[in-house]
Amino acid sequence: MTRELTTQEQVDAFAAEVARELGTHCRTAKLTGYVRGMGRLIIDGEGRALRLCQPDDRRPDRLKIHATDETKMIAPSIGVTASSARHVAREITRRLYPLHAEAAQQAAELAARQEAEESSRRAVTEAVAAALPGARVDEQYRRTRIIWQHDTRPPDERGPVQVDSVTVVVGPSGEGAQAEVSGRPSSVISMLTAFTQAVRE
């Protein structure tokens, strides 16, 4: 017989039954930060957290169960009928846990790729910054901007500021960099000459 969960107390009691069906090491806790409907947190013996929610008071027999974690992936979820705690636990094991494992695997692969990208980008950034002493490094999302500026006026001279500058943007994976040079023509020409000589060498 389908259960209709119309109060928070009923949701709490049903979640406790589901936790018992999932295993002896499962427990429940208050669900915080959930603003739509009623819900309860179930934490299983492996530390996986599930949000058991009754989001629509017009359908008190329908539950939405979300896997929750701290990854950047979208948490998988399933919809189930609250026919019995055993049925809900079976659906979690049969349908939600495989989706959760797949999402966790994808999150781990994404994290490893991002770490490799960041490491490569950091190595290129350090090399560019070493070639431009005093440069400012500005970290952005999946990019790094390195800005070097030099006031070319003699120390005691007054007048308009004359600045030679180099801006280098290192791309996401560190496999490419884009440079922009500006300043007095003589400075720009000498920079370009030095660059072409380095390429020939």
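The residues lining the largest pocket are twelve nonpolar, no polar and no charged, where Ala, Val, Leu, Ile, Met, Phe, Trp, Tyr, Cys and Pro count as nonpolar, Asp, Glu, Lys and Arg as charged, and the others, Gly among them, as polar. You are looking at a predicted model, in which local features need pLDDT of at least 70, side-chain atom pairs count only at pLDDT 80 or more, and totals for chains, interfaces and linings use all residues. Residues are numbered from 1 along each chain as its sequence is written, and side-chain values use heavy atoms, without hydrogens and water.

Start by selecting Val128, Ala131, Leu132, Trp148, Val166, Val168, Ala179, Val181, Met191, Leu192, Ala194 and Phe195, the pocket lining. A pocket here is an open set of points on a 1 Å grid over the protein atoms alone, where a 1.4 Å probe fits, with protein on both sides within 12 Å along at least five of seven lines; lining residues have an atom within 4 Å of a point. The space inside is about 300 Å³, the volume filled by probe spheres set on the points, which are joined across faces, edges and corners.

Next, colour α2 (85-131), β8 (163-170), β9 (177-182) and α3 (185-200), which each supply at least two lining residues. With four residues, α3 gives the most. Helices (H or I, at least four residues) and strands (E, at least two) are DSSP runs, numbered from the N terminus.

Now pick Trp148: its bridge partner in β8 is Val166. β7 and β8 pair antiparallel over eight bridges; pairing takes at least two DSSP bridges.

Finally, visit β6 (136-140) and β7 (143-151), antiparallel strands joined by five bridges. Glu139 has Thr144 of β7 as its bridge partner, and in the hairpin, with two residues between the strands, Arg142 takes a positive phi near 60 degrees.
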